[in-house]
Every structure is written in structure tokens, then in C-alpha cells.
Amino acid sequence: MLLWTVPSCAERTDRQRTGWEEETHALPLLLSTCLTGKEAHKFSKHGGYIGAGMLSAAVAGGVFASPPPASILAAILSLHQAGASGVLLIVKNYTGDRLNFGLAAEQARNQGVDVDMLIVAEDCAFDKPSKAGRRGLCGTVFIHKLAGALAEEGCSLSQIVTKMKEVLKGVGTLGVSLSPCSVPGCLPSFDLPPGAMELGLGIHGEPGIKRSKVASADEVVKTMMDHMTNPDSQSHLPLKSGDTVVLCVNNLGALSCLEMAVVTQAAVTCLESRGVVVARVMSGSFMTSLEMAGVSLTLMRADPEILRLFDAKTSAPAWPNLSTASVSGRNYTTEAPVMSTRPQDDKHSQGPLSPVMRKVLDKICSTLVEKQEELNSLDRASGDGDCGNTHAQAARAIQEWLQDHVVPGCPGRLLSVLAGLVEEKMGGSSGALYSLFLTTAAGHVTEGRSNGAAWATAVHAGTQAMRRYGGADPGDRTMLDALCPAAEELMKLSTAPPAGQTAILHAAVQKAAAGAEATRDLTARAGRASYIAAERVTLADPGAVAVAAILRAIEETLKEEK
């Protein structure tokens with residue numbers, strides 16, 4: 001048995017990614033030449049469903065138009081001449097498709113071909129459908145799969161048609177979109193203002209049945225499910241607690257993978273909250289509508305026989321490689337492991353160094369907040385423009401902590417507290433690097449060992465940890481270009497007399513500033529700036545500038561204390 005179906009040309013390659021392609025690509029599949037349409041995988045979606053266990057051919061017309069009867073008849077006769085015992089036409093319920101396929105079917109019968117036509121009409125949008133009936137949408141893909149599996153098993157044409165008509169009673173689809181679509185060279189198919197969404201639209205650019213404000217994915221999915229299963233609607237899908245379903249979350253053209261994942265999770269959660277068992281989930285681009293930023297949900301009630309056919313193997317390249325395990329019932333919840341309290345939550349006792357360390361922290365935090373926009377400006381030239389925001393965020397988190405806590409007398413404990421704060425509040429690679437530096441340095445200074453030599457060792461150890469785990473080195477145009485020369489200069493504190501320590505600190509601050517300024521002329525070999533053309537990166541590295549500012553704030557505070 002060979003199957004053949006037709007797309008109505010809503011399915012096409014995403015113009016934003018691949019450009020506009022010809023409608024009549026020839027695919028040498030089986031023993032026939034198949035004219036294919038378009039979709040989001042760079043070839044015809046219905047063409048992509050051609051393979052053992054699914055379709056044998058596909059034919060398309062113009063964009064959003066049915067193919068002519070002559071093309072349809074040619075495909076039917078090609079399959080018949082290839083040895084098909086019968087040909088099933090799977091057609092979505094649109095007037096043009098019904099007319100042209102009906103005509104071709106009658107012409108084929110006159111030539112002795114056993115032909116039947118299955119109309120897919122599973123749209124749940126209209127409470128009271130017009131005489132034209134419900135539209136055929138993404139549920140068609142389910143019919144491709146099940147009918148193809150039956151054909152592969154050798155079922156007769158009449159057996160396949162009877163079984164698929166029964167299956168269609170348990171299939172429903174509803175779409176929602178944040179934008180219209182545009183036929184190439186034409187204006188958008190309808191107007192949709194920003195902040196609005198359209199419910200119940202089709203796949204040919206027609207508007208929906210209801211317009212409302214954009215809501216969260218959970219709210220939108222609930223609205224869609226309520227509408228699809230509303231028993232007051234003549235188009236509703238009967239669904240009750242205890243039913244088993246296959247879910248298809250279909251990208252109408254322009255949603256990102258992230259958005260699709262959010263909607264898919266919301267749909268599974270919504271169904272399970274109603275007591276419905278979700279046996280299988282398809283999520284992706286299966287029947288698109290040009291560049292429409294929307295999604296459709298298709299549900300198919302399933303029993304073991306339907307799931308067996310659904311899981312049957314196929315060589316069709318556009319069919320996803322799905323797990324045969326049920327989606328529902330796979331959640332696993334466990335108790336979180338017992339964690340020690342965070343350093344910033346511990347109670348600490350003050351010591352002789354607490355007042356000066358508090359003043360140093362106050363100065364560092366105020367400096368970083370003041371430099372927020374300067375650092376952002378530098379980062380916009382070489383990164384994502386948020387370096388100032390992340391440093392200011394960390395500074396404000398420290399300021400808030402200082403309001404409610406005493407500064408511990410042990411410098412190492414204070415560094416551990418700061419490491420916890422920046423890890424939690426700063427975020428990104430900067431938060432990880434600063435936390436790594438502070439965590440490593442914390443083990444080298446204690447309440448009884450906090451002289452210049454100990455601090456120099458702590459800074460050196462923290463710097464080396466950043467190099468070891470971060471993978472960057474001096475000269476790579478990062479914060480290390482300011483920190484490494486300063487750390488090297490501070491190591492002189494190990495042998496310097498107390499009277500010379502101030503000069504060494506000043507020299508370290510100067511070297512940090514010079515290192516930061518020198519990053520203007522360096523080629524980035526690490527961080528986001530390394531992905532940008534060197535000639536466009538002409539300003540100082542913001543991370544290096546921040547390090548130089550922190551060291552300067554430390555020096556200024558200690559001078560005031562002396």
C-alpha cells in the first residue's frame with residue numbers, strides 16, 4: 001500500500017533563516033517524482049514525511065493554494081504504475097484542496113485506480129463551525145504516521161480509511177500567535193498590535209476567533225486547553241481525567257527553542273493537573289505558517305493500539321526520534337542534600353581589624369556603584385554591556401549585608417563571606433571568578449596571620465586560582481592584566497620592612513592602573529571580546545578597569561586610616 005498526501009503550502013522553509021526556495025523540488029523517492037512544498041527544515045514538511053512507514057508522495061501548489069488537479073493526477077498515476085494496490089489521499093479540510101483532489105481522484109478512478117480520500121478536520125477553534133466545517137491543521141501529521149504504519153503492515157485501503165476516521169474523532173488542534181505572517185511580496189495577512197495575541201487561527205495566514213492581551217505560557221496554555229475541551233463547543237475534543245493522549249506542540253514558524261520548551265512544559269503540566277496521562281510528546285516545527293510567531297497544540301486520544309502504530313519505525317526524515325516511554329509518571333522528586341550554612345549567614349565576632357575592613361568595603365562598594373555606567377560603556381564595545389551592572393549588583397549586595405552584620409575579626413572569614421555574596425548575587429563569569437579568588441585567598445589570612453606578607457600570599461594564591469580555572473593569562477585582555485602585575489608587586493611585602501609597605505601598595509595600584517590602560521592595545525584571547533574583530537575593540541577592558549578601581553579604593557582608605 002502506498003500513501004500520498006498534499007500540503008496546502010502553509011508549510012515552508014523559514015524565510016528568516018534559509019531564504020525563499022522554489023516550490024517544485026523533485027525528490028526521487030520510491031519510483032515516482034514527488035513535487036514538494038516547504039517547511040522549517042529546509043525541505044517540504046510533507047516531503048519530509050515521505051519514507052517507509054509514512055507517506056509515499058507529496059504534492060504542493062502555490063503559497064497557501066491547492067495544487068492543480070493535473071499535478072495531483074500525475075502523482076496518483078505514478079504511484080499506481082509503481083505497483084500500489086491503492087492510493088489514499090490525506091487532505092486537510094479546505095475547499096480548494098477538496099475540489100482539486102476530488103477531481104483528480106475521480107479522474108484516477110476512471111483510469112482504473114483504487115483511490116480514496118480522507119479529510120482531516122480537527123480544528124477546535126469554532127464553537128459553531130460554518131458549512132465549510134472544521135479546518136485541517138497539525139493533527140494531519142498524526143494521520144500520516146498512523147496510516148503509514150497500517151499501510152506498512154499490509155492493511156487494505158478500506159481498513160486504513162475506517163481506522164483513521166475513528167482516530168480522527170479523538171484528535172483536536174488549536175493555535176495561538178503573537179504575530180501574523182506575510183506571503184512573500186505581500187503585506188502581513190492581518191494586523192496584530194504589540195502586546196496582543198490571536199487565538200484560534202489557521203495555517204494560511206487567516207486571523208483567529210479571539211484577540212486578547214499576551215499572558216504567561218501557563219495562562220495561554222490553560223486558555224487553549226479550556227477552549228479545546230469545552231463541551232459547549234461543537235468542535236470540542238472530549239477529554240476526561242484518566243484519558244491517555246499524545247501531545248504535539250507545533251511551532252507555527254518563528255518561536256525559539258526556548259519558547260517552545262516553555263510552552264511544552266506548560267502543556268504537559270496542564271494536562272497532568274487534569275488527570276490526563278501524557279503518553280508521548282512531540283515538540284518542534286511540524287506544520288508551519290511562514291514566519292508566524294505562534295504555536296498550536298494538538299491532542300490525540302490514544303489506546304495501546306494507537307500508541308503501537310505511533311511508535312512504529314519510519315524512515316521519514318522529518319519524523320522525530322521519540323522515546324516510547326510515557327511522559328507522565330516519570331517525575332522524580334528527592335530531598336535536597338543537607339548543606340552547611342552559608343558563610344554570609346553565620347554569626348561572627350568582631351576583632352581589631354573589623355573597623356578598617358568595614359571602611360575598605362564601604363569604599364570599594366561606593367566606587368563600583370559610581371563606576372557602573374563607565375564599566376557598562378566599556379563593556380558595550382567588547383561584550384554584552386553589563387559589566388558595570390554586575391559589579392554594582394555585587395557592591396549593593398555587600399552593602400546590604402554590612403547593614404545587618406558585624407565584620408568578622410578574622411580576614412579569612414570575611415573573604416569567605418564576600419565569596420558567598422558575589423557567587424550568589426553577582427552571577428555570570430565575573431561572579432565565579434571573584435568568588436574563586438576570594439575563596440582561595442581566604443585560606444591564607446587569619447586573625448593571627450594578617451600582616452602584609454600574608455595578604456600578599458592570599459592575593460597571589462587567588463590570582464593563580466583564577467588563571468588555573470579560568471584559562472586566561474596576562475596579555476589576554478582580561479582583568480588579569482591589572483591583577484597579575486599588582487599581585488606580583490605585592491609579593492615584595494614578604495620581605496619589605498613595615499615602613500616600606502605603603503610604597504609597595506602604591507606601586508601595586510599604579511601597576512594595576514597601567515595594566516588596565518594597556519589592554520587598549522591588546523588582542524583579546526579570552527572572554528566575550530575574543531569573538532569580536534580586534535579592530536573594533538579599542539577601549540580598555542572593563543574587568544581590568546574594575547580591578548584597578550578596587551585596588552585604588554583600598555589604598556585610599558588605608559591612607560586615610562594612617
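In what order do the strands of the open sheet of six strands run? Let's take a tour of this predicted model and find out.

**View 1. The open sheet, strand by strand.** Its six strands follow the order β8-β7-β6-β11-β9-β10, and their pairing is mixed. The edges are formed by β8 and β10 (277-284), each of which pairs on one side only. From one strand to the next, the twist averages 20°. Helix α7 (residues 217-228) packs on this sheet and touches β6, β7 and β11. The direction of α7 makes about 140° with that of β6.

**View 2. Strand β7 and its two neighbours.** Strand β6 (residues 171-177) runs antiparallel to β7 and is joined to it by two bridges; S177 has E198 as its bridge partner. With β8 (residues 210-213), also antiparallel to β7, there are four bridges, and A196 is partnered by K213.

**View 3. Where β6 meets β11.** Seven bridges link β6 with the antiparallel strand β11 (residues 294-301). Look for V171, which stands opposite M300 in β11.

**View 4. A stretch to view with care.** The protein averages a pLDDT of 86, with 89% of the residues scoring at least 70. Over residues 4-44, however, pLDDT stays under 50, although the model has 147 contacts beyond four places in sequence for them. Where pLDDT is low, the predicted coordinates should not be read in detail.

Terms used. Residues numbered from 1 in each chain as written. Predicted model: local features only at pLDDT ≥ 70, side-chain atom pairs only at ≥ 80, totals over all residues. Heavy atoms only, no water. Pairing = 2+ DSSP bridges. pLDDT = per-residue confidence, 0-100. Contact = heavy atoms within 4.5 Å. Axes fitted to C-alpha atoms, helices over the stretch in contact; angles between N-to-C directions.
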